[in-house]
Amino acid sequence: MKKINCLLFLLLPIISIAQNEVLDCWKKVYNQIQKNNMMVDMQQWMNCVQGKNIPDFKAVSISGDSIDTKNLKGKVVVINFWFIECHPCIAELPALNKLVKEYKDKDVVFLAPTFETKARLDTAFFPKYKFNFTIIADAQKIRGLFGETGYPTTYIIDKTGKIKQTYLGGIEGKKAEEEMYVETKPIIDELLDEK
């Protein structure tokens, strides 16, 4: 399937306050790009982050809810990095909202960090779109903990806080309205069944 990436791999130096396994994968790929002056196989990065612990972070959602990844243990977590002008990000909203509806009474948490401000979301996004994930505005620091891979990027995290699957990029058009639902539902179901 052909995927479209918005801002695929921003080639900027990464400065990290705290070391983490996910960011180490980004640095490894970034260094390879710098050393060999080439594009990188995104599958290499995706394989690297699989099984790694997500970085710890604390945040407050736009609705005022406190989020601390340390409190998410025992739950399946879906994190979707996005922004308003990312067409594939917007195209997959129906599929992502369908997931939230499907798992509303289950131990699944849906987080949507974005670098957009709450004011911009209120004026440029919410009048046109609905996104049922727990949205975290001004989330540049959270994004920095994961590395600058592109948009949309979705992580599915198991109950122990390890990354089970990563999706980078997206598609546009009618197919986008279902694809993330179809791709992620079996993984979420599997993770919910694990003891």
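A residue is classed as buried when its relative accessible area is under 20%, as exposed when that area is over 50%, and as partly exposed in between. The analysis below applies these classes to the salt bridges of a predicted model.

Nine salt bridges were counted in the model. One of them joins the side chains of lysine 98 and glutamate 178, with an N to O distance of 3.2 Å. Because lysine 98 belongs to helix α4 (residues 93-102) and glutamate 178 to helix α7 (residues 176-193), this pair ties together parts that are 80 residues apart in sequence. Lysine 98 has a relative accessible area of 33% and is therefore partly exposed. Glutamate 178, with a value of 36%, is also partly exposed.

Lysine 118 is partly exposed at 36% relative accessibility, and aspartate 122 is partly exposed at 37%.

Glutamate 116 and arginine 120 are paired through their side chains in a further salt bridge, with an N to O distance of 3.0 Å. Glutamate 116 has a relative accessible area of 3%, which is under the 20% limit, and therefore counts as buried. Arginine 120, in contrast, is partly exposed, with a relative accessible area of 29%. Both residues take part in a network of salt bridges that also includes Glu85.

Definitions and conventions: Residues numbered from 1 in each chain as written. Predicted model: local features only at pLDDT ≥ 70, side-chain atom pairs only at ≥ 80, totals over all residues. Heavy atoms only, no water. Salt bridge = Lys/Arg side-chain N within 4 Å of Asp/Glu carboxyl O. Helix = DSSP H or I, 4+ residues; strand = E, 2+ residues; numbered from the N terminus. Buried < 20%, exposed > 50% of the residue type's maximum accessible area, 1.4 Å probe, protein only.
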